[in-house]
Amino acid sequence: MSFDVHQLDSFVLVGASVTLLAVLAVRISSRAGLPSLLLYLLMGVALGEAGVGIRFSDADLAHALGFAALAIILADGGLSTSWSEARPVMRMGLSLATVGVLVSVGVVAVVAHALLGLSWEISILLGAVCSPTDAAAVFSVLRVVPLPKRLTGTLEAESGLNDAPTVVLVTLVSTGAVHQHGMPAVVGLVVFELVGGVVTGLVVGLAGAWVLRRVALPSSGLYPIAVLCLILIPYGAASAVHESAFAAAYVAALVLGNAELPHRGATRSFVEGLAWIAQIGLFVMLGLLLSPERIGWETVGMAMAAGAILSFVARPVSVAISSLVQPMPLNELAFLSWAGLRGAVPIVLTTIPLAANVDGAPRLFDIVFVMVVVFTVLTGPTLPLVARILKVARRSEPRGIEVEAAPLERVGADLLIVAISPASQLHGVEVGELRLPIGASVSMVVRDGETIVPERRTVLRHGDEMIVVTPHRLREDTERRLRRVSRHGRLAQWLAE
């Protein structure tokens, strides 16, 4: 087999051009309020059989690449999710990701079988692939929709965890294991895989954070690579022992993203860039997998009916039942019902029955593809309006301070870059009033692009950046003190935590 350099050059040219167009399309999608996945799917269709003529029909390859891309997207979501915001609503998020998914699957399956005349196998698969929300769609749209923390935390936790049980369910139905073992055994297996994946991700995430806080790498560019590896290791390990790989990757990312690691900003930017590449490649590939000539008015009608069942019946019922573990106001539950964003995940999950050669799998893929496109257009742009109508739209409170750390190994210290946000009570506090642990000190203040060598009487202002040097052993105490003063100002020395 000979290696064709010219063919590789052509591939690089086309790939780079498509990626650049996809990056520029983000601007269009953000201004229209649409998840960028919609434009990427349409780009894939344009490059496929009906457009440029690229043929792609390998369901096994699409399945493997789709799952790899979802792992990186979940890594980005976990790293950017604040545990302090997600923790108060984790019961609701976990309930939506488990009980809510099962309820939604049941409702969609029963109604689709009764009204659309689909077989029980395809009806259950339709409910299973469409029930989970999509992490990429949720993270991209909700970041620009002003919502209180408990709603963003709920939706992010749900989208990060609900892939796990649905992957297991779709796989078992596609392979016929449900008929073999029965539904109770399937539910038990789902619980086992989900719990196992969470434990694996938690162990690797905590161990990795402990190591990275104590080992100074020779280059700052190595930290993002190390963090990404610490997210993908539990993904692979969990998959090898038949646990939920997605749950493991998301939990590990959540732990690492909320740990005080060196160069956190660079790490998040690196993984976010990879997640964008994964999204672009994933959605374009799924668009290539579609054969437009198979889609007729019957497919469109079934897709509209399935989407209506999911959006107006199954999703509200699942949200209502899930809220029993953590009651919420009716207007917030109504918004959660409408904000169940679907995206690449339902389409990727349909590659499982495609790869298993399930009867009716191509038809299922077409129905789900059309449904995702139509209801993404319907749901995404209307979220800000629905939030205002339901009176849940408000700005999430900004964090008081952002702390970026870099190790100074030769002197056994850490360099902390502390950004003072408009919400911080550090405004008006003198440097001497910080009362940092003995051995830690403020070495510089950056204000309006100018550097200030601070004295004890130097007054801090909103928008300042402080450079603080602290010994390794005092880093946690130093950050704790800075955050306490950021919350309480000068009163921090008298107020308890």
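Predicted model: local features only at pLDDT ≥ 70, side-chain atom pairs only at ≥ 80, totals over all residues.
1. H19 gives the largest share, with five residues. Sorted by class, the lining of the largest cavity has seven nonpolar, six polar and two charged residues.

2. On to the second largest cavity, with a volume of about 50 Å³. Its lining is made up of Leu79, Val227, Leu256, Gly257, Leu261, Arg264, Thr267 and Arg268. Two or more of these residues come from each of helix H13 (245–258) and helix H14 (264–289), and H14 has the largest share, three residues. The lining of this second largest cavity splits into four nonpolar, two polar and two charged residues.

3. How many cavities of 30 Å³ or more are there? The count comes to three.

4. Now for the packed parts. The largest nonpolar core holds 98 residues, and Leu126 and Leu282 have the most contacts inside it. If you skip the neighbours within four places in sequence, Leu282 is in contact with Gly66, Ala69, Leu70, Ile73, Ala344 and Val348. A separate core of 18 residues lies apart from the largest one, and its members include Val138, Leu333, Leu336 and Leu341.

Terms used: Residues numbered from 1 in each chain as written. Heavy atoms only, no water. Core = buried A, V, L, I, M, F, W, Y, C linked by side-chain atoms within 4.5 Å. Buried < 20%, exposed > 50% of the residue type's maximum accessible area, 1.4 Å probe, protein only. Contact = heavy atoms within 4.5 Å. 1 Å grid on protein atoms, 1.4 Å probe; cavity = no way out; pocket = protein on both sides within 12 Å on 5 of 7 lines; lining within 4 Å. Points joined across faces, edges and corners; volume = space filled by probe spheres on them. Helix = DSSP H or I, 4+ residues; strand = E, 2+ residues; numbered from the N terminus. Nonpolar A, V, L, I, M, F, W, Y, C, P; charged D, E, K, R; others polar.
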